[in-house]
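Q: Please take me through a few of the labels used for this structure, and set each value against its definition.

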Amino acid sequence: MKKHHYDITIIGAGLIGLCMSSMLIGLKKKILIIDKNSINSKNFLLDDIRTTAISQGSKRILENLNIWQKIKKYSQPIKKIDVLESTSNQRVIFDSEDLGEGHLGYIVPNSMLKKELLLKIRKSSKIKIMDKTEITDLKVSDQIDDNFPEIFTSDSIITSQILIGADGRYSTSRNLINMPNYKFDYSQNAYVFFITHKKSHFSNAYEIFFPEGPLAILPMLKEKNQNKSSVVWTVDKKLGDLTKLKKNEFKKKFLEKYMNLLGDVMEISNPKKYELNVINANLVIKNRVVFIGDAAQAIHPIAGQGFNLGVRDCDVLFRNIYKSYELGLDPGAINRLESYLRARLLDKYAFIGATHFLNLIFSNNIKPINKLRNMGLGVVEKSKFLKNFFMSRAMGL
């Protein structure tokens, strides 16, 4: 078998793996990206119909790395978020102008985000992409020593000074080295699709809470008029698989929840289904190995914060690695990885807890909880301090 050594190896070429790779380009180190998919195929971009909510904080991180300038042309700003409770008349409107920190966030198609990140990566002679590659085994020493992690493929053994696992919520690399994790199944499916509607969205997003799950309507960029939105509709699994419905039946069920917020729906795309759960790696570091993004913590999409949590992982890890090299230290040393771990703990668990709590408290029809929920929304709507606090946290500031 062929043997190869790299300074840094990244497993996973999803959004977080690509973001991490883009940040590391400036280090001028020998870097490898491994992914099981065919990254060079058109389907790698086109198969992902989802959109990503990029917070103001993440935008600033990407801006400092000269990545946002390329992505900006595909982005649709979010100026307001209208939160509605379906069982009452309560609503909370978050307006970016109240905080004065720029837009609340931006909606970007995953395909365009991947495209620009890949273009940046491919311009670097220091980064090699090994796609269509299955990892058959991964050996990491349980002892704190100088042994490098060994990645086994069908024809190669790859070692590196530091290994970054960014291969998603069902991380192969995490499972191969038996990293303990906590999993909670929400018994919900998320259906992702697009709609075109009669009225302009005016850069506004909507989040409607129903007992069976939240419905998010997110504005999308369109050159001539703002009449296209991305929908993430979360539904209890007990209601069956909605992708098996005929298109007109699916549309009818959606319209029952839609509240005609943006006028008549002229077009609706075929939905894609995603099962929802939270998976948290109890430990995200091992000897010369660190996990980021969904491989470290995969959260409920209720607040659209999964990507932004991962970008902050990338930012803190990049700064940690950069400082290590600058000071002549080993970036894979356990004390350097522990420094990264400490820096991320509070943010990680705050958002895992917040999204878990929000979904549980809003996705039910228990009367006492309904009353408390509506009371809470009313208090937030009347309090400028609370509104600004929640906006600041959601914007990653």
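A: Methionine 259, whose phi is positive, near 60 degrees, comes after helix α8; helices here are DSSP runs of H or I with at least four residues, and strands are runs of E with at least two, both numbered from the N terminus. This is a predicted model, in which local features need pLDDT of at least 70, side-chain atom pairs count only at pLDDT 80 or more, and totals for chains, interfaces and linings use all residues. Residues are numbered from 1 along each chain as its sequence is written, and side-chain values use heavy atoms, leaving out hydrogens and water.

Q: What makes the buried residues of α8 line one face of the helix?
A: Phe250, Phe254 and Tyr258 are buried in α8, where buried means under 20% relative accessible area, exposed over 50% and partly exposed in between (1.4 Å probe, protein chains only). Seen down the axis, the buried residues fall within an arc of 80 degrees, so they line one face; the arc is taken from the directions from the helix axis to the C-beta atoms. Exposed Asn248, Lys252 and Glu256 sit on the face turned away from that buried side.

Q: Why is serine 21 called buried?
A: Its relative accessibility is 0%, so serine 21 counts as buried.

Q: Why is asparagine 43 called partly exposed?
A: Asparagine 43 has 46% relative accessibility and therefore counts as partly exposed.
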